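User: Got a model here I'd like to go through. Can we start with the packing and then look at a couple of single residues?
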Amino acid sequence: IVDRAKELVPQIEASDLVSEGLVLDCVESLDSYEPQDGDIILSRTTAPCVQECLRFIAKGQKANVKGRDIGASILAFIKKAKGCKPITPIEEFIDKLDAYYDQKNRELIRTRRYAAQQTLEDKYETVKACLGQANTVGDLSVTIENLFSDKVVGITFMTVHKAKGLEADNCYIIHPELMPHPKAQDISSEMNIKYVAITRAKHRLSIVETIERRKPKEEENVAVE
C-alpha cells in the first residue's frame with residue numbers, strides 16, 4: 001500500500017514493524033470481492049457511494065453512507081425544486097428538479113464557478129440515485145435520512161473527504177477514474193485526495209474498475225478546465 005502511495009508522495013516509507021499489505025487492481029464488479037462488515041468503500045464523489053450502497057441494501061446486506069451533514073445538504077437541495085411538498089408525486093418533483101438543475105448549472109458555467117458546478121452535479125446525481133421506489137417527495141426524504149448516517153453498521157460507504165483520519169483493514173476504491181475529477185482545476189488537490197484514498201487501508205486495498213471503463217494508458221486523458 002505504501003509502495004502505491006509513493007507514486008504520489010515518494011518520500012514516505014513503510015514501517016518495518018508492519019505486515020506485508022496487498023493492493024488489488026480489480027477489473028470486475030465490487031460484488032466479486034464480497035465486502036464484509038467493517039470494510040470501507042470509497043469514492044471521490046457521493047453519487048457512486050449512494051448507488052452502490054442502495055444496491056447492497058437491496059441484496060439484504062447492512063450498509064450505510066457516512067455523513068449526516070451530507071444527507072442534510074441533499075435534503076436542502078431537494079427543497080430548491082420550488083413548489084414541491086412532501087406529498088408531491090415523484091414524477092412532478094423530477095420535472096421541477098431537472099428545471100432547477102439546468103438553470104443553476106448554466107449559471108455556474110457562465111460565471112466559471114466550476115467547483116460549485118461539480119458539487120451541484122454530484123448532489124443532482126445523488127438525488128437521482130435515491131429515487132428508487134419513492135412515490136412522493138416525502139418517501140424520497142425518508143430514504144435519504146435513513147441512508148446517511150455516521151453510525152458504523154455493516155459496510156460503510158463514504159467520500160474520500162469523509163475518510164480523512166479513518167482506517168480499515170480492507171478498503172475499496174470505486175470509480176477510480178474520478179481521481180483526478182474530470183472537471184477539476186486544482187490537480188494538486190486532486191492528487192492529495194487520491195493519496196488519502198490509497199492510505200486508508202491497513203492490510204488490503206482493492207481498486208475496482210469495470211472492464212468498460214478501463215482504457216490502455218496511452219488512451220487515457222483528463223479533461224481539465
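User: Which residues touch the most other members of the largest nonpolar core?
Analyst: Phe93, Leu140 and Phe157, out of 37 residues in that core. A nonpolar core here is a set of buried Ala, Val, Leu, Ile, Met, Phe, Trp, Tyr and Cys residues joined through side-chain atoms within 4.5 Å; buried means under 20% relative accessible area with a 1.4 Å probe, protein chains only.
User: Which element gives the most to it?
Analyst: α4, with 6 residues. Helices (H or I, at least four residues) and strands (E, at least two) are DSSP runs, numbered from the N terminus.
User: And what does Leu140 touch, sequence neighbours aside?
Analyst: Not counting residues up to four places away in sequence, Leu140 touches Ile78, Ile90, Phe93, Val127, Cys130, Leu131 and Ala134. Contact means heavy atoms within 4.5 Å.
User: How reliable is this, and how is it numbered?
Analyst: It is a predicted model: local features need pLDDT of at least 70, side-chain atom pairs count only at pLDDT 80 or more, and totals for chains, interfaces and linings use all residues. Residues are numbered from 1 along each chain as its sequence is written, and side-chain values use heavy atoms, with hydrogens and water left out.
User: New topic. Where is Gly67, and is it buried or exposed?
Analyst: Gly67 sits in the loop between β3 (63-65) and α3 (68-78). It is buried, at 0% relative accessible area.
User: What is Gly67 in contact with, beyond four places in sequence?
Analyst: Phe148, Ser149, Asp150 and Lys162.
User: And Thr156, where is that?
Analyst: Thr156 is in strand β4, residues 155-159. It is buried too, with 7% relative accessibility, and beyond four places in sequence it touches Asp39, Ile40, Ile41, Asn64 and Lys66.

Technical notes
Buried means under 20% relative accessible area, exposed over 50%, partly exposed in between (1.4 Å probe, protein chains only).
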